[in-house]
Amino acid sequence: MTIRLYPMKEIKIILEGEHIRFVTDVLDRIKASGYTVFSDVSGKGHSGYHKGHLMFNDTSSLQMVLTVVPEDKVEPILSALKPFLERHSGSLFVLDASVLRPDHFESTNS
């Protein structure tokens, strides 16, 4: 049995929790079919080590947003987020991904 996979793009955005709404609003406006938010992220980057301890609420820790989209949605997402990332700390990665069920990643109207 051969399993067919369909090419997509995975976008990971790591940013301070206080800005999470901006990113999810961009993804909703561009009609990404979905995203996952990982709270309390830790790691070392350009500005040093960030410990992901949650002190009072999600706005005080790093968070990561992961979405998988068709190729044609990458440019609008990057164009919307680039000015934001030029003013605030954060990282954005675009990777090749493959999915088993491409219909789950089509645009939604909600």
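Let's start with β1 and β5. They pair in the antiparallel sense over eight bridges. Strands pair if DSSP finds at least two bridges between them. Helices (H or I, at least four residues) and strands (E, at least two) are DSSP runs, numbered from the N terminus.

A word on the source. This is a predicted model, where local features need pLDDT of at least 70, side-chain atom pairs count only at pLDDT 80 or more, and totals for chains, interfaces and linings use all residues. Residues are numbered from 1 along each chain as its sequence is written, and side-chain values use heavy atoms, with hydrogens and water left out.

Now the sheet. It is open, has four strands and runs in the order β2-β5-β1-β6, with antiparallel pairing. Which strands are at the edges? β2 (36–41) and β6, each pairing on one side only. Neighbouring strands are turned by 20 degrees against each other on average, direction ignored. Axes here are lines fitted to C-alpha atoms, for helices over the stretch in contact, and angles run from 0 to 180 degrees between N-to-C directions.

Two helices pack on this sheet. α1 touches β1, β2 and β5, and its direction makes about 5 degrees with that of β5. α2 touches β1, β5 and β6, at about 165 degrees to the direction of β6. Contact means heavy atoms within 4.5 Å.

Stay with α2, residues 74–87. Its 14 residues reach 20 Å from first C-alpha to last, close to the 20 Å expected. That expected span is 1.5 Å times one less than the number of residues. There is a kink of about 35 degrees at Leu81, shortly before the proline Pro83. The bend is the angle between axes fitted to the seven residues ending there and the seven starting there.

Which residues of α2 are buried? Val74, Ile77, Ala80, Leu81 and Phe84. Buried means under 20% relative accessible area, exposed over 50%, partly exposed in between (1.4 Å probe, protein chains only). Their cover includes β1 (6–16), α1 (20–29), β5 (62–69) and β6 (90–99).

Last, the aromatics. Rings of Phe, Tyr and Trp (its six-membered ring) pair if their centres lie within 6.5 Å; planes under 30 degrees apart count as stacked, over 60 as edge-to-face and the rest as tilted. The count is one pair. Phe22 and Phe84 are stacked, 4.7 Å centre to centre, with 20 degrees between the planes. Phe22 lies in α1 and Phe84 in α2, so the pair ties together parts 62 residues apart in sequence. Phe22 is partly exposed at 35%; Phe84 is buried at 4%.
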